[in-house]
Amino acid sequence: METAAFFHRPESEYAYIYSPGHVHIRLRTKKGDVAKVGFIQGDPFNLHLKDWYQEEKEMELLSSTDLHDYWLIDTDEPVKRMAYAFHVYGKDGTDVIYNDRGVFPYLKEQLTNSGTYFRLPYFHETDRFKAPEWVKKTVWYQIFPERFNNGDKKNDPDNVLEWDSKEELSTIDFYGGDIQGIIDKLDYLEDLGINGIYLTPIFTAPSNHKYDTTDYYEIDPHFGDKALFRQFVEEAHRRDMRVMLDAVFNHIGAESTQWRDVAEYQEESRFKDWFFIKEHPVPSAEEIRSHGPMYMEHAEGLPYETYAYVPMMPKINTHNPEVQEYLLNIATYWIKEFDIDGWRLDVANEVDHSFWRKFNQACLSLKDDFYILGEIWTSSRSWLEGDEFHGVMNYSLVGNIIDYFVGKTIPTRKMANVMNEQLAQYRKQTHETMFNMLDSHDTARILTMAEGDIDLVKSTLAFMFLMHGSPCIYYGTEVGMKGGPDPQCRRCMIWEEDKQDRDMYDFTKGLIQLRKDYQPLLSHGMLRWEVVLDEEQVVGVRRDLGDDEIVGYFNQGTEDYVVDHTESTKVVYHHLSNESDNQSVVGPNGFSIQIRRKS
Ligand code: ARE
Ligand code: CA
C-alpha cells in the first residue's frame, strides 16, 4: 500500500462541520490501492474510560481522480469535539493506522494514547462556514446594463448608437441601456423564473463597462440616479429577486478625485499613499488618453501599479487604513441605504486577504444573509475558508464542463475525474453557494463557442443546472444570442420576438423551473457519477439526498443510448430523447433527466 499518497488535514475541507450534528471527514489515498477505511472516533477526554478506539465505522469511497481515491464519512451524530484516526486496509492485505503523527502499525500503544489522534477542537457554531440559504435556491441573471435595454432616451450618452446597429462592436460603443430599461423588463425576468440579478458596475465611470470608477457614491448619469436605483431594488425584491452589484475595489478610474489629485500634486498629494506609485510624476487621465496606445506598449514601465497594465485603472492600496475605511464605507453604504443583497468582487484575487476579512465582517454585520462572491478564475481555497467569500465565479468548474461538451478536448472519464478533484477542494457547503455560468461579459458567448449548435448549448446548460451552486444565465443566452470574446459578447439584447429563439427561451424557462421543483435535492444532494463511458461518450450524473435522487444522462456520442427505467423513474426533463414508460432512448446530443427513489 502506498501510504505516501495519504492526505488529511484537520479543520479544512478534509474535516469540517457541514451542518449542526454533521461533521464531514475526508481522506485521500492512492487510486485503487485501498480496500477499505475504518474511521475511529471519540472524545479525547474519555479515551481511558471507554476504549472507543475498538469501534470502527466504515468510510465511503466517494470519488476518484486520475491519481487518488477520496473517502468520506458524515459522522451524523452530535459531538462537541473529536479525536479521530483512520484504519486503512490496503488491497495488498496490509493495514495501518493514519493519525496526527503519521502512519503506524495497528498497535494498542498508538490507539490508547489520545495525543496521537487528529483533533477537531471544541465546535463553535460561529466557526462553521455558513453561506446564505437563499443563494442555493437562486437562479441568477447577469446584466451588462449598457446593453440590456434602453428605457430612457433622455439619459443617453451624446455619441449613442442605434440599438444593435453594428455587426462588429468596438470597445468604445455606447447604446444607451440603463436602469429604467431593466425595471421595464422585470416582468420578463419574472416570467423566465429568475430570482437573482447580477449587474456589472453601475457607478459613475467614463467607459461603457464602468470598471474604471470615477465615483463609487453615484449611479452613472447615463444609467439613472439613486432614486431610480432604489425603485429597481424595491421592485426586484417585491418579485422575490435578489440584487447583486459589482464592487471594483482592486483599482479605481483615472478620472476619480483621488487620482486627479495625485496627478496634480504628485508627491504633495494627500492621496499619494492610496496607490502603488513607483515614481513621480504619474500621468493624469487626459495625459493617459493623449499618450494613447504608446502607453500600453510600455505598459510594464508604467510609474504606478494598475489593473493588468491598463493605465486608466490605477491599483488601489488596500493596506492603507484610510483606503480601507473609504472602501468599507462604500460597501456598507449601498447595503444600508439601498438594501442590496450581494457584492461581486472584481479581480478579487489581487486584493489582500486581510482587507477581504474586514469587508466580510462589515457586510455581514449589517445583513447576516448577505452574499459575497469573488471573481477568481482558478481554484480559490484560501478565499473560501468562511471568513472572506461565500463563493467564486466558478470558471474552473465550468471550464472543465465546456472542455468536455463544447471543446470536446477531453474524454468523459477525464471530465469526471477533474470534477472530482474540484469537488475535493472545498467544503460541501461552499460548493452549494458557488456561482456557475457558461459565459459572461468576459468570455465568448456559449452559442458561439458551440459554433451555433443550439442542441449542444442545451445539453451543456442542463448539465450545469444539475451541479452544486447557483446557475447564472448571461443576458440573451435564453434567446439564442451569439458573440465572440469581449467586446462582441456585449451586443445589445434582442427584444424583437421574431428575432429571438423562442424555443430556447421555453427551454431555459423549463430548466429554471426544474431547478426550483427539485429543491433541496439540487442544492444539497451529494454529487455522484451514475455512468461514465469514454467510448460511447455518455455521462450520467446523479444528485442524491435521503431516498430521492435525480439523474441526468447526457449523450455526446453518435449512437443512441438506452436507459432502462426503474419502477419509480419519472422523466422530468429531456431533449432529443425518446421517452416511453420503461425506457429512455437518448439520442446524440440529447439528454434525459429523471427522478427516482433509491432502490
Ligand atoms: C479592455 C478591452 C479588451 C482589451 C483590454 C486590455 O475591452 O478588449 O483586451 O481592455 O486593454 C474591464 C472591461 C474590459 C476592459 C478591461 C480593461 O470589462 O472590457 O478590457 O476592463 O480596461 C483576467 C482577470 C479578471 C478580469 C478578466 C477580464 O483576472 O479579473 O481578466 N475580469 C474583471 C472584469 C472585467 C473587467 C476587469 C476585471 C477590470 O470582469 O470585465 O475588465 O476591471 C484566464 C485567467 C484570468 C483572466 C481570464 C480572462 O483564464 O486565469 O485571470 O481574467 O483568463 O482573461
Ligand atoms: Ca438610456
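Let me start with a lining. In the second largest pocket, the lining residues split by class into ten nonpolar, seven polar and nine charged. This is a predicted model, so please hear every value as computed.

Stay with that pocket. Its volume is about 640 Å³. The lining counts 26 residues. Thr126, Asp127, Arg128, Phe129 and Glu385 are the ones nearest the centre. Which elements supply at least two residues each? Strand β1, residues 15-19, and helix α11, residues 353-366. Helix α11 gives the largest share, four residues. And the pocket draws on two domains: domain 1 and domain 2 each put at least three residues into the lining.

The assignment gives four stretches of chain to keep in mind. Domain 1 is 3-120. Domain 2 comes in two pieces, 135-252 and 317-521. Domain 3 is 253-316. Domain 4 is 524-597. How far apart are the centres of domain 1 and domain 3? Over C-alpha atoms, 54 Å.

Next, the largest pocket. Its volume is about 1,200 Å³. Strand β16 at 306-307, strand β17 at 310-314, helix α9 at 293-297 and helix α8 each give two or more residues to its lining. Look at the centre on your screen. Strand β17 gives the most, with four residues. By class, the lining divides into 22 nonpolar, eleven polar and 14 charged. Again two domains take part. Domain 2 and domain 3 each contribute at least three residues.

Now two loop residues. Where does Asn208 sit? In the loop between β13, residues 203-204, and β14, residues 215-219. Is Asn208 buried or exposed? Buried, because its relative accessibility is 6%, and the cut-off for buried is under 20%. One is the backbone oxygen of Thr171, at 3.0 Å. Another is the backbone oxygen of Asp173, 2.8 Å from a polar atom of the Asn208 side chain.

Find it in the loop between α7, residues 257-265, and α8, residues 285-291. Val282 counts as buried because its relative accessibility is 2%. Now look across to Leu302. Val282 and Leu302 are 20 residues apart along the chain, and their C-alpha atoms are 8.4 Å apart.

How many cavities of 30 Å³ or more does the structure hold? Five. I will take two of them.

The largest cavity holds about 200 Å³ of space. Its lining has 18 residues. Nearest the centre are Arg26, Leu62, Leu423, Ala424 and Met526. Strands β2, β5, β6 and β23, with helices α13 and α14, each supply at least two lining residues. Strand β23, residues 526-533, has the largest share, with four. By class, the lining has ten nonpolar, five polar and three charged residues.

The second largest cavity has a volume of about 50 Å³. Among the residues that line it are Asn394, Leu397, Met419, His431, Met467 and His468. Leu423 is in this lining, and Leu423 is also one of the residues nearest the centre of the largest cavity. How many charged residues does the second largest cavity have in its lining? None: the count is six nonpolar, four polar and no charged residues.

Last stop, helix α17. It runs over residues 502-517, which makes 16 residues. From first C-alpha to last, α17 reaches 22 Å, close to the 22 Å expected at 1.5 Å a residue. What caps its N-terminal end? Asp501 does. A side-chain oxygen of Asp501 lies 3.2 Å from the backbone nitrogen of Asp503. The buried residues of α17 are Met504, Tyr505, Phe507, Thr508, Gly510, Leu511, Ile512, Leu514 and Arg515. One reminder for reading that list. An α-helix has 3.6 residues a turn, so residues three or four places apart point the same way.

Notes. Residues are numbered from 1 along each chain as its sequence is written. Chains are lettered from A and ligands numbered from 1 in the order in which they are written. This is a predicted model: local features need pLDDT of at least 70, side-chain atom pairs count only at pLDDT 80 or more; totals for chains, interfaces and linings use all residues. Side-chain values use heavy atoms; hydrogens and water are left out. On a 1 Å grid over the protein atoms alone, a cavity is a set of points where a 1.4 Å probe fits but cannot get out, and a pocket is an open set with protein on both sides within 12 Å along at least five of seven lines; lining residues have an atom within 4 Å of a point. Grid points are joined across faces, edges and corners, and a volume is the space filled by probe spheres set on the points. Ala, Val, Leu, Ile, Met, Phe, Trp, Tyr, Cys and Pro count as nonpolar, Asp, Glu, Lys and Arg as charged, and the others, Gly among them, as polar. Domain bounds come from an automatic or database domain assignment. The expected span of a helix is 1.5 Å times one less than its number of residues. Buried means under 20% relative accessible area, exposed over 50%, partly exposed in between (1.4 Å probe, protein chains only). A polar contact is a pair of N or O atoms within 3.5 Å; within protein, one must be able to donate a hydrogen and the other to accept it, and residues adjacent in sequence count only if both atoms are side-chain atoms.
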